[in-house]
Each structure stands twice: as structure tokens, then as C-alpha cells.
Amino acid sequence: MIRPTFRAVTLFAAGVPLAFGVLLAEESYWPFVVALLFLSGFALLTDSVLMLSPGRLDIDLKIPKVLFIGETETLGVRLQAMTQRRATIEAVCDVNGLIERPLPLLAPLNAQGTAILPFPLQPKQRGTAVIERLWLRWSGPLGLVRAVHVVPIDAELSVTPNIRGVRQTAIQFSDPNAFFGIKAQRQQGEGSEFEALRDYVPGLDQRSIDWKHSARHRSLVCKEFRTERNHQIVLAFDTGHLMSEPLQGISKLDHAVNASLQLGYVSLRAGDRIGVFGFDSRVRLFSQPTGGVGTFWRLQKAASELSYSPDETNFTLGLSALAGRLNRRSLVILQTEFVDTITAELMVENIERLAARHLVLFVCLQDSTLDETVDGDPTNVNAMSKSVIADEFLRERRIVMERLRRMGVHCLDVKAEQIGPEIINRYLEIKRLELI
């Protein structure tokens, strides 16, 4: 599609009153008016002929196969002019609402007639993202006409939880000297699960001596223990509207899912069983705990099915339903969000019931904007009132966390970039202390 530019319209608009002025001044000058109109049309035609034709522009697209939440991929567009004519091309990419709209790019064709346009694709939510079309436009050498070329793409990309962090975790825990490996390792002297009897030698802990069997064998023997495995872990996600709030470009729920996948890989390698539970106003998802690194794809699939909900979270229904589905003591990692002590009252009450039988790890994400508002300089009354309100929110948050700790609940209130390592470290500490 070729259309006149603003410059051409301006020149034509300025020429109309000039032509009328000439005719009003002297009627015999009408041939000059005709010549002026002819020159204007000839200039437009010349600019159109000298301009790079859309049919002589070859477009090559490099589309990523999948997008990960929290990561930015690149849509590569390579333009190749099949003629000696050059232009500066402006490009705009249309995407659906799951991807942050890329900014327009401007790229001049080089001496070889080539231009590279890298469009950053930053997903905002999980689901199926669509790259709809690519808009290209450039002007002629005189700047009087402009070509607009639309390239339909309609490419669907799957936006999934970020497993790149899981790959990095896999590298860290693939050390053969790691505490836990793929095969069952006997961790003598640790844990509480009985392994075997052995002769006592100086240097062993005297508290491990089994006096009954020592009397029977007429020699000192001691017990060996190994670290317990096959624990049951449940990743419980609050999918209510508070978890849909964006934090550092993606929702809090996606931060929780990414961190849980890292923990899931570590726990499966450690020999534990892991399941997924999602709830808001009702139970949305429950995946039975399974073990083995080979079942990690089940965990990833279940985490991908967690949807964003605008509903208010019903902790009474959700946590009661979870407690009814667990037939043995489990580590429940609850990732949720709350506003103040009033809205958290039912949440605390139901967590207390759940913690009576199971070990609960309560995880929340810190909002850095609250700290910045509290620590910022109160330049005016409005800023001072915001600072006071933010400080009250933080105070009530600390009150809720302290109440949960007194109930025996393990609490984590961390920043978004620290949630993955912090959950893994707390899980390993719980395993070391044998609290499950």
C-alpha cells in the first residue's frame, strides 16, 4: 500500500491557496496553475517509482518455539532488498495481550541491502501467545510517498513456567559428591531411619551403642542410621486475585510457580514425593504426590494448568479440602498473599488447623514499592500519607508472620528474585533437622 506522506499533503495544501491567489490576481496566469498541479503529480509519481518496492523486499522471520515466564526471547526479522534502492524501514510487531507490546524499531538498509530487527518478546502471563502481524513502512527518496507493507504471521507460542532455573539447579545438584543423588545413598550417622548394626570402634558416637544387642553378641555393637527419604511434599498455590498482581513484570503466581519447579526438581532427586494443589474460591487443581525425577514433567504440566483467577481466596474451603486429601504427614508449602491482619484472620485460623498435623511452610513475596514508599523523602502531604499507610501495611504483615511462627509454621517473606534459592534452602534445612 502506497500513500502520500504528511510532507506531500502539506505542500499540496499550501499550493491550493497559492493557485487561487494567482488566479484572482491575473486570470491569464492559469497555465502556471496547471503546470504547478502537473509538477506536484509528477513529483509524487517520481517518488513512487524511485522508492523501494514491497515486492522487492525479502523478509525472513526467526520465531522462538516457546516463551518462559520471566525471560525475554527475541523475534528476529531479517530484511533483504533485492534491488539497489535503499530505505530506512520502520517496523512494528502486533502481539496479543499475553506479551508485552514491543517498541517500534527503525533500521536502515546497509550497503548490502540488509537490515536486522530484533523484537524482544516478554511474556506477562502463561498461556498461548500469538504474534499476529508485522507492519513495515518506509518513505521514498523525496519523502512524498510512503509504502506500508503488512506481513501476516499468526504464530502461536506456548508461554510456560520458567524451567531454565530448573536446568541451572540441575547443574548444581548433579555433582556426584552432592548430599543427595539419583541413586539411594546411605548417609551413615544422619537421620533417624535404622540402617544396620556394626561393631563399635573408637571414634563412633557412644550414644549409638545398642546395649541389648551388645549383651547378646558379647561385644559392643552400635546402630547405623540413614537419612529418611520418600517424604510427601505438597506445593499449595493460592490462585486468587491477589496472586495475579504483577511484580517485576510478571504475576506473583508465576514467581511462585517458577520457584516451585526448582524445588520440585531438588526434592524429586532427594527421593521425596511431590504434588500440586491450587485453590481460590474453590479447589482448582490437585495432583497426587509422585516420586522419581522421571515424573518431573507431571509437575511441570500441573503447574502450567494453574490459571489466574479474579476470585477472592476461600482459605477455609481450600485448606480443609487439602487436609482431607492428605493421608500422611506432609510438608505443605503454601504460597499465598494477604493485605492486612483483618483479611488474614481466616487464613491464620485455617493454617493453624493444617499445622496441627502437617508441617507448613508459609511463603509470601515482598513488594519493594512498599519499602521504597516508607523510606522515601516525604516531599509533600500526599507522599507523607502514602508513607504512613505503607508502613502500617508492613507492620501488620510482620504481625501475621509472627503469629504464624508461634504456631510452629515456618515463614518466608522474601523478594521475588530470592524466592527460588530461599525455598530450596529452607527445604534442605527442614530435611536436615528431620522435622517432617
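Which residue is the bridge partner of Ile333 in S18? I looked this up before anything else. The bridge partner of Ile333 in S18 is Leu361. I note here that the model is predicted.

**Entry: the whole chain**

I began the survey with the protein chain. I found 11 helices and 19 strands in the protein chain. The chain has 436 residues, and buried residues make up 42% of them.

**Entry: the six-stranded sheet**

I then traced the sheet that holds S17. It is an open sheet of six strands, with mixed pairing. I read the order as S16-S15-S12-S17-S18-S19. Which strands are the edge strands? They are strand S16 (283-291) and strand S19 (410-414), and each pairs on one side only. Direction ignored, neighbouring strands of this sheet are turned by 15° against each other on average.

**Entry: strand S17**

I asked how S17 sits in the model: is it mostly covered or mostly open? Strand S17 covers residues 331-335, and five of its five residues are buried. I recalled a rule for this. In a regular strand the side chains alternate between the two faces of the sheet. In S17, Leu331, Ile333 and Gln335 point one way. Val332 and Leu334 point the other way. All of these residues are buried.

I checked the partners of S17 next. Strand S12 (residues 232-238) pairs with S17 in the parallel sense, over five bridges. Within S17, Leu331 is the bridge partner of Ile233. Strand S18 (residues 359-365) also pairs with S17 in the parallel sense, over five bridges. There, Leu331 stands opposite Leu359 of S18. I followed the chain from S17 to S18: it crosses through helix H8 (residues 345-355), and this β-α-β crossover is right-handed.

**Entry: helices across the sheet**

I looked at H8 again. H8 lies across S17 and S18 and runs at about 150° to S18. Which residues of H8 are buried? They are Met347, Val348, Asn350, Ile351 and Leu354. I kept a general point beside that list. An α-helix has 3.6 residues a turn, so residues three or four places apart point the same way. The buried residues of H8 pack against H7, S17, S18 and helix H10 (381-406).

I moved on to H7. Helix H7 (residues 315-325) lies across S12, strand S15 (273-279), S16 and S17. Its direction is at about 155° to S15.

**Entry: Gly278**

I stopped at one residue of the sheet. Gly278 has its place in strand S15. Is Gly278 buried or exposed? Gly278 is buried, because its relative accessible area is 0%, and the cut-off for buried is under 20%. I listed what Gly278 touches, leaving out residues up to four places away in sequence. The list is Phe237, Val283, Arg284, Leu285 and Leu306. I also took one distance. Gly278 and Ala303 are 25 residues apart in sequence, and their C-alpha atoms are 8.9 Å apart in space.

**Entry: H5 against H11**

I turned to a pair of helices. Two packed helices are described by the angle between their axes and the distance between the axes. Helix H5 (residues 252-269) and helix H11 (residues 419-433) pack at an angle of about 40°. Their axes are 8 Å apart. The crossing of H5 and H11 is right-handed.

Which residues make the contact? From H5 I noted His255, Ala256, Ala259, Gln262, Leu263, Val266 and Ser267. From H11 I noted Ile419, Gly420, Ile423, Ile424, Tyr427 and Leu428. I sorted this contact by class: nine residues are nonpolar, four are polar and none is charged.

**Entry: the three-stranded sheet**

My last stop was another sheet. It is an open sheet of three strands in the order S2-S4-S7, with antiparallel pairing. Why is one side of strand S2 (57-62) and of strand S7 (114-121) left without a neighbour in the sheet? S2 and S7 stand at the edges, each with a single partner strand, so one side of each has no neighbour in the sheet. Neighbouring strands here are turned by 20° against each other on average, direction ignored.

I finished with one pairing. S2 and strand S4 (residues 73-81) pair in the antiparallel sense over six bridges. In S4, Gly76 is the bridge partner of Lys62.

Key: Residues are numbered from 1 along each chain as its sequence is written. This is a predicted model: local features need pLDDT of at least 70, side-chain atom pairs count only at pLDDT 80 or more; totals for chains, interfaces and linings use all residues. Side-chain values use heavy atoms; hydrogens and water are left out. Buried means under 20% relative accessible area, exposed over 50%, partly exposed in between (1.4 Å probe, protein chains only). Helices (H or I, at least four residues) and strands (E, at least two) are DSSP runs, numbered from the N terminus. Two strands pair if DSSP finds at least two bridges between them. A crossover is right-handed if, with the strands pointing away from the viewer, the path from the first strand over the helix to the second runs clockwise. Axes are lines fitted to C-alpha atoms, for helices over the stretch in contact, and angles run from 0 to 180 degrees between N-to-C directions. A crossing is left-handed if the near helix is turned anticlockwise from the far one by less than a right angle, and right-handed if clockwise. Contact means heavy atoms within 4.5 Å. Ala, Val, Leu, Ile, Met, Phe, Trp, Tyr, Cys and Pro count as nonpolar, Asp, Glu, Lys and Arg as charged, and the others, Gly among them, as polar.
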